[in-house]
Amino acid sequence: MLKFFFKNLSGFFLAAVLLACVWLAAHRLSHRNDQSTAFKNLSLNLWLPFQKTVTWVITFPENTLNAVRELRNLRHEVDRLQVENQSLRLELSNHKSIESELSRLQDVLQLKSKLPRQAKIARIIAHDPSTWNSSFIVDVGAEDGVQPDSPVISEQGVVGRVLEVTPKNSRVLILSDSDSSISGIDERSRVTGIVLGTGRNQLKYGYVSVSEDVQKDDVILSSGLGGIYPKGYAIGTVVKKVETENGLNTEIEMAPAVDYAALDYVFILPPVDVYE
Amino acid sequence: MKIPQQVLWVLALFFLQQLPAVAEWGIDLPLLFVVLVGLRSPVAEGAGWGFLLGLMQDLLSAGWIGPNVIAKTLTGILASMAKKHIYREKVFTQTFLILVSAFFHQTVVWLVKLWDGSAPNSGDVLWLSLRMVFSTALVGMVVSFFVVKFRRRRFDPATA
């Protein structure tokens, strides 16, 4: 029996591999709603410290060069600001300087209301290795207070939401992923719809009928509906509007507000029900 | 290549695979490894490497564990079967086989996602697949050049 087994070892191995594939497919049928498993989280926890180090080593020269350039620019900026400072000191005695100070304080208060105190800044350490998904891993997790379905934004606009959380890291599902969707509103005409990811660096503004007033170059913002994303953050800009064959709906293509490939840091906000 | 060397290559590939530049171009480095190893291994070994790399890719990805496992296992089997019938120690032949394998891999992933109900719409699938197939084949052409030269120098210096 054993002789037969060892003689045909490669055949048994191949059969075992194919059976494992069938088991995975069957497991998916019975656990369709599970986004992550303990096995997946354990693998991430083991892998990510190494990935973080390698990413840091590879990006270190570029970051160093950028820092040197930034220092040079800051030097020029300091010189310019010193001259400007002299003239502003003179203006302080004037009534207009008080008005500009008030205006500046109002902007600060508005920014503070958009970014609640519990917002966390997070660094991207790894991108999704599969060509079919759009996500990345950041260096903050449950220990830092991050929860699943927390909205993620950058200074350009909405980036996505937190999909999975481990103690020290989190996976963010980007808006452009085909499984992503967000409720949007046209800033100009206030037409609401659902922004859908396509898997590419492009979004679609769906569930908008032909008669609705959505035009090229319209900015689409998050509407706040749906309970995940806060309202008022930029999602993207309308690029093209095409009528569907039945003539009842339109297909609206959007360019995202955020350049996902150039992201280095993002902000993770607490879930909407925590601070609204 | 001995097993420890292959393990080091796999680890290096996955570190590179998660960098923004690679992710943006849609290059599938683990698939490249599966095809190049499969072309030089028995069917069981090709399937084993495909299973392992597909599993690693799905574990580190946002999707469920399955599409890359199944697709890369079958691609590994396909590559191992191809070595019996197609002479491979030429850059063009290897690049062509990588192109065909990448196309096969993407078709299998799409079919699995279609069965699961999580496939994007056909226009987006076509764009995603073509991007991956051509970018991986391009990188495969460069890698094949070095692999063929190395193997010729090592096993058949007269043709190097």
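Mentor: Chain A is divided into domain 1 (38-114) and domain 2 (118-276), with bounds that come from an automatic or database domain assignment. This is a predicted model, in which local features need pLDDT of at least 70 and side-chain atom pairs count only at pLDDT 80 or more, while totals for chains, interfaces and linings use all residues. Residues are numbered from 1 along each chain as its sequence is written, and chains are lettered from A and ligands numbered from 1 in the order in which they are written.

Trainee: What makes residues of domain 1 and domain 2 of chain A count as being in contact, and how many does the contact take from each?

Mentor: Two residues are in contact if their C-beta atoms, placed from the backbone, lie within 7 Å. The contact takes eight residues from domain 1 of chain A and seven residues from domain 2 of chain A. On the domain 1 side, helix α3 (residues 38-91) of chain A gives the most, with seven residues.

Trainee: How are the residues on that side of domain 1 of chain A classed?

Mentor: They divide into two nonpolar, four polar and two charged. Here Ala, Val, Leu, Ile, Met, Phe, Trp, Tyr, Cys and Pro count as nonpolar, Asp, Glu, Lys and Arg as charged, and the others, Gly among them, as polar.

Trainee: How many helices and strands does chain A have, and what makes a run count as one?

Mentor: Chain A has five helices and twelve strands. Both are DSSP runs, numbered from the N terminus: helices are H or I with at least four residues, and strands are E with at least two.

Trainee: Why is helix α3 (residues 29-38) of chain B described as largely enclosed?

Mentor: Ten of its ten residues are buried, so the rest of the structure largely encloses this helix. Among them are Leu29(B), Phe33(B) and Gly38(B).

Trainee: What makes α3(B) oblique to α6(B)?

Mentor: The two helices pack at an angle of about 120°, with their axes 10 Å apart. Angles under 35 degrees count as roughly parallel, over 145 as roughly antiparallel, 65 to 115 as roughly perpendicular and the rest as oblique. The angle of α3(B) to α6(B) belongs to the rest, so the pair is oblique. In this contact, Leu31(B), Leu32(B) and Val35(B) in α3(B) meet Leu97(B), Ile98(B), Ser101(B), Ala102(B) and His105(B) in α6(B). By class, these residues are six nonpolar, two polar and no charged.

Trainee: Why are α4(B) and α5(B) called roughly antiparallel?

Mentor: The axes of helix α4 (residues 43-59) of chain B and helix α5 (residues 67-85) of chain B cross at roughly 155° and come within 7 Å. Such axes are lines fitted to C-alpha atoms, for helices over the stretch in contact, and angles run from 0 to 180 degrees between N-to-C directions. The crossing angle lies in the roughly antiparallel class, and α4(B) and α5(B) are therefore described in that way. The contact of α4(B) with α5(B) has twelve nonpolar, nine polar and two charged residues.

Key
Buried ≥ 20, exposed ≤ 12 C-beta atoms within 10 Å, placed from the backbone.
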